[in-house]
Amino acid sequence: MIIKLIAVGHKMPAWVETGYQEFARRMPRECRLELVEIAAAKRGKQADIPRIMAKEAQQMKAAIHSSDRVVALDVKGKHWSTQELSQKLTQWQQLGSNVSLLVGGPEGMTQDCLQMADEKWSLSALTLPHPLVRVVVAEALYRAWTLTVNHPYHRE
């Protein structure tokens, strides 16, 4: 299974790249984590935000394979414990399809992206900076995977 983290934003600070890569490289081949960056459009005082969001949504959709399970990261989504995420990973693997995790831009995601999602996942009731989301998601997925194989990384 391949888990694609499709995220709006590019040219991240070194600490983001280092943090994300640390956990992405720890994932096993059978549960690989890949990053797909969608360039964020420039937002100025006169920016047409709905048009910008629609363009970003179009690029996100283009990165999703038709057989992928789509999970939108959304503040209104469900909060999953590490154990619940571990169970999700197991379910996704059993389904035999890849997973696309969607992370919108500064204004979030368009309604059509949210509607195409099979599931909605909320990392926190807090609004997290998009660079930090990448690192948190990568670590959470690695921790959840370690539970599926009884690896000692996760301790209760």
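This is a predicted model: local features need pLDDT of at least 70, side-chain atom pairs count only at pLDDT 80 or more; totals for chains, interfaces and linings use all residues.
Me: Which residues make up helix H5, and what span should they have?
Reply: Helix H5 covers residues 130-148, which is 19 residues, and at 1.5 Å a residue these should span 27 Å. The C-alpha atoms at its ends are 27 Å apart, in agreement with that expectation.

Me: Which residues of H5 are buried?
Reply: Among them are Val133, Val135, Val137, Leu141, Tyr142 and Trp145. The buried set also includes the charged residues Arg134 and Glu139.

Me: What follows the helix, and is its phi positive or negative?
Reply: Asn150 follows H5, and its phi is positive, near 55 degrees.

Me: Back to Glu139. With which residue does it form a salt bridge?
Reply: Its partner is Arg143, with the closest N and O atoms 3.0 Å apart.

Me: Why does Glu139 count as buried?
Reply: Its relative accessible area is 19%, and the cut-off for buried is under 20%. Arg143, at 22% relative accessibility, counts as partly exposed.

Me: How many salt bridges does the structure hold?
Reply: There are twelve.

Me: Which parts of the chain does the pair of Glu56 and Arg43 link?
Reply: Glu56 and Arg43 form a salt bridge whose closest N and O atoms are 2.9 Å apart. The pair links distant parts of the chain, 13 residues apart: Glu56 is in helix H2 (residues 49-62), while Arg43 is in the loop between strand S2 (32-38) and H2.

Me: Is Glu56 buried or exposed?
Reply: Glu56 counts as buried, because its relative accessibility is 3%. Arg43 is partly exposed, with a relative accessible area of 25%.

Me: Now Arg51: what is its partner, and how far apart are the closest atoms?
Reply: Arg51 forms a salt bridge with Asp48, and the closest N and O atoms are 3.9 Å apart. The cut-off for a salt bridge is within 4 Å, so the pair is counted as one.

Me: Is Arg51 buried or exposed?
Reply: Arg51 counts as exposed, at 52% relative accessibility.

Note on methods. Residues are numbered from 1 along each chain as its sequence is written. Side-chain values use heavy atoms; hydrogens and water are left out. Helices (H or I, at least four residues) and strands (E, at least two) are DSSP runs, numbered from the N terminus. The expected span of a helix is 1.5 Å times one less than its number of residues. Buried means under 20% relative accessible area, exposed over 50%, partly exposed in between (1.4 Å probe, protein chains only). A salt bridge is a side-chain nitrogen of Lys or Arg within 4 Å of a carboxyl oxygen of Asp or Glu.
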